[in-house]
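Please read them beside the structure.

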Amino acid sequence: MKVLQCKLKQPTAHYRDPKVFQNEYISTLNLPSKTTIMGMITYLCDRRLNSDIDIGINMRKGKDKEKFLLQGNYYDYYKEHKAQNSILNYEVLKEVELTIFISCKDDEELEFIRKKLESPCKYANLGRKEDFVIPSEKGCFVKEVELKEVIPMNTRDAIKENIKLKNTYVRVDLRDKENVETIINQGVLIALPYKYKDLEANRDDRVYEFCHYIYVDNDGIYPKNIKVNVCIDTKEVFTWL
């Protein structure tokens, strides 16, 4: 199975959880959601994509989160007297390195995406406007790689084949009690935006559809009874969001 792979770097990154509304301080997600990644892709493609796109993600590197706090006499005056506490402080990630996988059943659409990402004609960002991205490998923003799908039947098989999920999201169906129980305690459960209900709606009126995910940190897990993808070149393991 051939897909596109983007290896990206970000000096700083803030991936906002749209469910969180705070006046003083906004924390960041550990990884961007599918809608955030799709936003970057469609922006660089300069049009809405016609086919369903599968996205996978791994974080290869990232420093601890830091608080980005605005301060100073002018800031304090403006915050108190002008903005009335509406200026926000952000939590940011530092020196982030991501691998993003892109798949589409429509070969022509996938080829269109590849050509647009090969030579971006726009400033690329992921998260906030100031969270720009650059290729991890000089001059190589995207390339085609081969995947294999694997379903380890038990933890022993996963260990034997060195199939380990880490620094990624794993989508879960809470109605599937058998599979949920095997993974629910191995990471942080979070609801993230999966897609927009109506792309034709005005941007301000768009409503997210959410799915549940487990965030798996750097300690990782050996999956069982879960379909995972293994990149043949880099041995990275992930699931589709």
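1. What percentage of the 241 residues of the protein count as buried? The share is 42%, where buried means under 20% relative accessible area with a 1.4 Å probe, protein chains only. This is a predicted model, in which local features need pLDDT of at least 70 and side-chain atom pairs count only at pLDDT 80 or more, while totals for chains, interfaces and linings use all residues. Residues are numbered from 1 along each chain as its sequence is written, and side-chain values use heavy atoms, without hydrogens and water.

2. The protein has 5 helices and 12 strands, taken as DSSP runs (H or I, at least four residues; E, at least two) numbered from the N terminus.

3. The largest nonpolar core holds 40 residues; such a core is a set of buried Ala, Val, Leu, Ile, Met, Phe, Trp, Tyr and Cys residues joined through side-chain atoms within 4.5 Å. Ile41, Ile55, Ile100, Ile102 and Tyr169 touch the most other members. Elements giving two or more residues to this core include strand S1 (2–13), helix H1 (34–45) and strand S5 (89–104). A separate second core has 13 residues, among them Leu165, Val216, Val228 and Val230.

4. Leaving aside residues up to four places away in sequence, Ile102 is in contact (heavy atoms within 4.5 Å) with residues including Val3, Leu4, Ile41, Ile55 and Leu117.

5. Of the contacts in the protein with a separation of 6 or more, 78% join residues 24 or more positions apart.

Definitions and conventions
Buried means under 20% relative accessible area, exposed over 50%, partly exposed in between (1.4 Å probe, protein chains only).
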